[in-house]
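Keep the coordinates open and follow along.

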Amino acid sequence: MGGTFDPIHIGHLLLGEFAFEQFSLDEIWFLPNGNPPHKDTGEMDTCLGHRVEMVRAAISGSPHFKLSLHEAKEGIHSYTYQTMLEFHEMYPDNQFYFILGADSLFSIEKWKYFEGIFSYCTILAAMRDDKDVRDMKKQIAYLKKKYEAEIELLMAPLLEISSTTIRNRAAKGLTVHYMVPDKVADYIKEHHLYKDIKS
Ligand code: ATP
Ligand code: MG
C-alpha cells in the first residue's frame, strides 16, 4: 500500500488487515512516498522522516505488516508503476498486490504509466466515503475491460477518516485519539505536528 501517510491512520491499517485476511496474503508492505507526483505538494508540510516514523510506530505490533522504504526518497518522485516493475524484478517469485481506496481507483488513469501497474500486480480496491458499491463495481469492470487489469474489490469497514481530517483536527487542538494508533497520537503530540495548518 502506497501513500503519503501524513499521518497513517486506522483506515490504512484496516485496509491492510482485511486485505491480508481476504486474499490470504503473506505480508502487507506500507510504502510512504517521498514526494507523490499526483498530489498537491503544497500540502506536504510533514517531512518524510516523521511520516516514516509514524508508519513504523503504527505497525510495530503486527508481524505481517512491514515498512518499505522503497519510495521513501526525499525530493524524488516515485511512480507506482516503477515500484511495481522493480519489485517484480527484485522478487520474481512473489506475486504482488496493490492496495488502494476508491479515490485512487477513480483517479488511477491520471497516474504516470498506470497501465504498467496493471501489468505487474493485482489491484485490491476498497470503498471510501462517497463511492458506493455500485460505483466501485462499475469502475472495476471498466478498468478490467479497457486495460485487461486484474482488480478485486477489497471488503473492509467503511471509515470516513482521512489524513486531511486528522491534520485539521490536530491543528485545532482537537482529539485524534482512536483515529490513529496511540503511538501515532503520541508521536504527533511529542513532535508538535500539524500545528501551523490554517483551515
Ligand atoms: P490525505 O487526506 O492526505 O489525502 P488519505 O487519508 O487519503 O490522506 P493517503 O496516504 O492519501 O491517505 O492514502 C493512501 C491510500 O489509502 C490511498 O489509496 C487511499 O485511497 C487509501 N485510504 C486512505 N484512507 C482511507 C479510508 N478511510 N478508506 C479507504 N481507503 C483509504
Ligand atoms: Mg489521499
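Four helices and strands each supply at least two residues of the shell around ligand 1: α1 (10-22), β4 (97-101), α4 (102-107) and α7 (163-171). Helices (H or I, at least four residues) and strands (E, at least two) are DSSP runs, numbered from the N terminus. The largest share comes from α1, which gives three residues. In total 18 residues surround the ligand, and the closest are Gly3, Gly11, Gly101, Ser163 and Thr164. A residue is near a molecule or strand if its C-beta atom, placed from the backbone, lies within 6 Å of it.

This is a predicted model: local features need pLDDT of at least 70, side-chain atom pairs count only at pLDDT 80 or more, and totals for chains, interfaces and linings use all residues. Residues are numbered from 1 along each chain as its sequence is written, while chains are lettered from A and ligands numbered from 1 in the order in which they are written.

Go back to the loop between β1 and α1, where proline 7 is found. A cis peptide bond links aspartate 6 to proline 7, with omega about 5°.

Now turn to the sheets. Strands of a sheet pair through backbone hydrogen bonds, either parallel or antiparallel. Here two strands count as paired if DSSP finds at least two bridges between them. One open sheet has three strands in the order β1-β2-β3, with parallel pairing. Its edges are β1 (2-3) and β3 (65-67), each of which pairs on one side only. Strand β2 (residues 28-32) runs parallel to β3, and three bridges join them. Within this sheet, tryptophan 29 stands opposite lysine 66 of β3. Helix α2 (residues 48-59) packs on the sheet and touches β2 and β3. The direction of α2 makes about 160° with that of β2. Such axes are lines fitted to C-alpha atoms, for helices over the stretch in contact, and angles run from 0 to 180 degrees between N-to-C directions.

Next come β4, β5 and β6. Strand β5 (residues 122-126) pairs with β4 in the parallel sense over five bridges. Tyrosine 97 faces threonine 122 of β5 across this pairing. On its other pairing, β5 meets β6 (residues 151-154), again parallel, over four bridges. There leucine 124 stands opposite glutamate 152 of β6.

How enclosed are these strands? Four of the five residues of β4 are buried, so β4 is largely enclosed by the rest of the structure. For β5, too, four of the five residues are buried, so the rest of the structure largely encloses it. A residue is buried if 20 or more other C-beta atoms lie within 10 Å of its own, exposed if 12 or fewer, and partly exposed in between, with C-beta atoms placed from the backbone.

The largest nonpolar core has 43 residues. Such a core is a set of buried Ala, Val, Leu, Ile, Met, Phe, Trp, Tyr and Cys residues joined through C-beta atoms within 7 Å. Phe98, Ile99, Ala125 and Leu154 touch the most other members. Follow leucine 154: leaving aside neighbours within four places in sequence, its contacts are Leu15, Phe18, Ala19, Gln22, Ile99, Leu124, Ala125 and Ala126. Contact means that C-beta atoms, placed from the backbone, lie within 7 Å.

The loop between α1 and β2 holds leucine 25. With 17 C-beta neighbours inside 10 Å, leucine 25 is partly exposed. Beyond four places in sequence, leucine 25 is in contact with Ala19, Phe20 and Tyr97. Serine 24 has its place in that loop too. Although not a glycine, serine 24 has a positive phi of about 45°. Serine 24 is exposed, with 7 other C-beta atoms within 10 Å.

Tyrosine 194, in the segment after α8 (182-190), also has a positive phi, about 65°. Tyrosine 194 is buried, with 20 other C-beta atoms within 10 Å.

Finish at helix α6 (residues 133-147). Its 15 residues reach 21 Å from first C-alpha to last, close to the 21 Å expected at 1.5 Å a residue. That expected span is 1.5 Å times one less than the number of residues. After α6 comes glutamate 148, whose phi is positive, near 55°.

How values were computed. Contact = placed C-beta atoms within 7 Å.
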